[in-house]
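Please look through the sequence and the model shown below before reading on.

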Amino acid sequence: MTNVLVLYYSSYGHIEAMASAVADGVRQAGANVSVKQVPELVSDEVARESGYGLAQAAPVATVAELADYDAIIIGTPTRFGNMAAQMKNFLDQAGGLWFRDKLVGKIASVFTSTGSQHGGQESTILSTHIVLMHLGMVIVGLPYTFKGQLRMDEITGGSPYGASTLAEDADGGDRQPSDNELDGARFQGRHVAELAMALVHGRRHLQAEKTE
């Protein structure tokens, strides 16, 4: 079976909701999926004062286990146009995997959230791609075969770089991912899983030919 990791950091639950939809898409493709979060960096006291969700259900990932997956789909909120410090800190610890080429050729994809329509969604995804490419991973986005990103009848996240959501409504209140945004996340999960399955199958076929 092809194994896919949905790895996320979520302060207020928006990325967590998107991660769940991404995982649903992976399951629809028939691949195995694990959903895990990266460790929190701020203290419990600061997290409570900031309103962070401390009781998220996903187990905490370790850097070493990244090599066990055929594809990794990363979810991170935007922090000034870049990934959250919690995610960057986690990926910065992957030097040992980089040195041993353990992530080379594996598929990677990214989704995000912002508090506004133009809050750095694309720059966050693209700058995260840079890290993943240094690790030797193969980048996959959200293709225009997901027609929901062409919608003009509603405010919605989503770009060819990856699924996304808007975390605030027009009045500055909390906004949960819309149906269209969740559909994009599911599509991305399914798309990544299908490509990973094809890649795994193809590599096994090539290896079998070499040993004949």
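Y8 stands opposite G75 in strand 3, where helices (H or I, at least four residues) and strands (E, at least two) are DSSP runs numbered from the N terminus. This is a predicted model, in which local features need pLDDT of at least 70 and side-chain atom pairs count only at pLDDT 80 or more, while totals for chains, interfaces and linings use all residues. Residues are numbered from 1 along each chain as its sequence is written, and side-chain values use heavy atoms, with hydrogens and water left out.

Strand 1 (residues 3-8) and strand 3 run parallel and are joined by five bridges; two strands are said to pair if DSSP finds at least two bridges between them. G75 also stands opposite F111 in strand 5, and strand 3 pairs with strand 5 in the parallel sense over seven bridges. Strand 3 and strand 4 form a hairpin with two residues between them, and F80 in the turn has a positive phi of about 55 degrees. Strand 3 is mostly covered, since eight of its nine residues are buried, buried meaning under 20% relative accessible area, exposed over 50% and partly exposed in between (1.4 Å probe, protein chains only).

Helix 5 (residues 121-134) has 14 residues and reaches 21 Å from its first C-alpha to its last, close to the 20 Å expected at 1.5 Å a residue, the expected span being 1.5 Å times one less than the number of residues. The buried residues of helix 5 are Q121, T124, I125, S127, T128, H129, V131 and L132. They pack against several elements, among them strand 3 (71-79), helix 3 (85-92) and strand 5 (107-114). Just after helix 5, G136 takes a positive phi of about 85 degrees.

Why does Q121 count as buried? Q121 counts as buried because its relative accessibility is 12%. The side chains of Q121 and T114 are joined by a polar contact of 3.0 Å, that is, a pair of N or O atoms within 3.5 Å; within protein, one must be able to donate a hydrogen and the other to accept it, and residues adjacent in sequence count only if both atoms are side-chain atoms. Leaving aside neighbours within four places in sequence, the residues in contact with Q121 (heavy atoms within 4.5 Å) include T78, T112, T114 and S164.

Helix 1 (residues 14-29) has end C-alpha atoms 24 Å apart, which agrees with the 22 Å that its 16 residues should span at 1.5 Å a residue. Among the buried residues of helix 1 are I15, M18, V22 and V26, and what covers the buried residues of helix 1 includes strand 1, strand 2 (32-37), strand 3 and helix 6 (179-211). Just after helix 1, G30 takes a positive phi of about 95 degrees.

Read along the sequence, the protein follows the pattern β-α-β-α-β-β-α-α-β-α-β-β-α. The radius of gyration of the protein is 17 Å, close to the 17 Å that the globule rule gives for 212 residues, so the protein is as compact as a globular protein of that length; this radius is taken over C-alpha atoms, and the rule is 2.2 Å times the number of residues to the power 0.38. Of the 212 residues, 48% count as buried.
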